[in-house]
Amino acid sequence: MRRKIPPFSAIRSFEAAARRMSISAAAKELCVSVSAVSQQIKVLEEHLGTRLFERDPSRGLALTSSGRVCAPALQSILDSLSHVFAQIDAEQREQTVTLLVSPSLSSTWLASRINQFMEGHPGISVRLWVNRGLMPSDNPEEHDLAIYYGEGPFQDLRVDLLMAETVFPVCSPALQASRPIRKPGDLVHHTLLHDDTLLWDRDSLPFGFPDWSAWLAFAGVTGMDSVRGHRVQMSQTVLALAADSAGVALARSCIALGDLARGRLIKPLDVEYPRRFNYYLVSNPLALGRHAVTLLRDWLLEAGRTTDREASRMF
């Protein structure tokens, strides 16, 4: 049987006005104009063939007998609809996990792995958000999980070591063949490629941030201009330039692992900067009660352990 139902916008306008007994208050609630609410109520009255409100300048708005029949029934129906949609929204939130990660790690290490989790858990929706710094976002509780380069401080959050990282020079096989790098001092003959991805957080870092100046000092190279060369604020672009023989990049192992495995980059020296900076998985304790969040957290930690094993065999 075909249902004879008036327009939903007209029903909503009347229900809001009847509940508040004010056209202007209903308009504010629905984020429309007063005239729009009045017009929608008129549409409903024409559809029903009866008036729903009496407008008395001295008493204000009042429901007619027909209005008194419609108002509580429609309020109950809309409350039920709201409850249904809230249940659906809660179910979706339960199965949605928000992960905050840097652009460099997202487009390299995570991009080549996260689909394994998605295929294994088709009912879980993963939302990847980009964080451009070392420190937590202004509202860390907005995210269920986050991956940070550095260990904090992270107040009232659960922190786990995700994977260790080493820092070392990389170049293309072609560059190594044309002008070999056999010892750290040979870098004086090459263009240095600087990764300035974390430049805006430099003041918050302890001494020894792994840039060219720190690495060359650690390797015992003196008398070399450590700031010359090209500077790029995107790790994967720095590695792409190195693979194209534009110079020698100082690579972070987790970011460069894929290019090294495919042979696009090589590691010409065995000198590795000490592991002072690692990746940490930071979890919002309030979110860990959700099964979907726990599944992704456990999967990420295992992926980090697998990466450490792969790196130890490769390096």
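Predicted model: local features only at pLDDT ≥ 70, side-chain atom pairs only at ≥ 80, totals over all residues.

Biologist: Which helix gives the largest share of the nonpolar patch?

Modeller: Helix α4, residues 65–94, with four residues.

Biologist: And V84, where does that sit?

Modeller: V84 is in helix α4 too. Its relative accessible area is 38%, so V84 counts as partly exposed.

Biologist: OK, moving inside. What about L239, buried or exposed?

Modeller: Buried: L239 has 4% relative accessibility, and the cut-off for buried is under 20%. L239 is part of helix α9, which covers residues 235–243.

Biologist: What is L239 in contact with, leaving aside neighbours within four places in sequence?

Modeller: V170, A249, A251, I255, A256, D259 and L265.

Biologist: Now the rings. How many aromatic pairs does the structure hold?

Modeller: Four aromatic pairs. One of them is F117 with W299, a tilted pair with 5.7 Å centre to centre and 55° between the planes.

Biologist: Which parts does that pair tie together?

Modeller: F117 belongs to helix α6 (residues 114–120) and W299 to helix α11 (residues 291–314), so the pair links parts 182 residues apart in sequence.

Biologist: How buried are those two, F117 and W299?

Modeller: F117 is at 1% relative accessibility, so it counts as buried. W299 is buried as well, with a relative accessible area of 17%.

Biologist: Give me another pair. What about the rings of Y149 and Y279?

Modeller: Their centres are 5.0 Å apart and their planes meet at 40°, so Y149 and Y279 are a tilted pair. Here strands are being tied together: Y149 lies in β5 (residues 145–149) and Y279 in β11 (residues 279–283), so the parts joined are 130 residues apart in sequence.

Biologist: And are those tyrosines, Y149 and Y279, buried or exposed?

Modeller: Buried in each case: Y149 has a relative accessible area of 5%, and Y279 has 1%.

Methods. Residues numbered from 1 in each chain as written. Heavy atoms only, no water. Helix = DSSP H or I, 4+ residues; strand = E, 2+ residues; numbered from the N terminus. Buried < 20%, exposed > 50% of the residue type's maximum accessible area, 1.4 Å probe, protein only. Contact = heavy atoms within 4.5 Å. Phe/Tyr/Trp six-rings, centres within 6.5 Å; stacked < 30°, edge-to-face > 60°.
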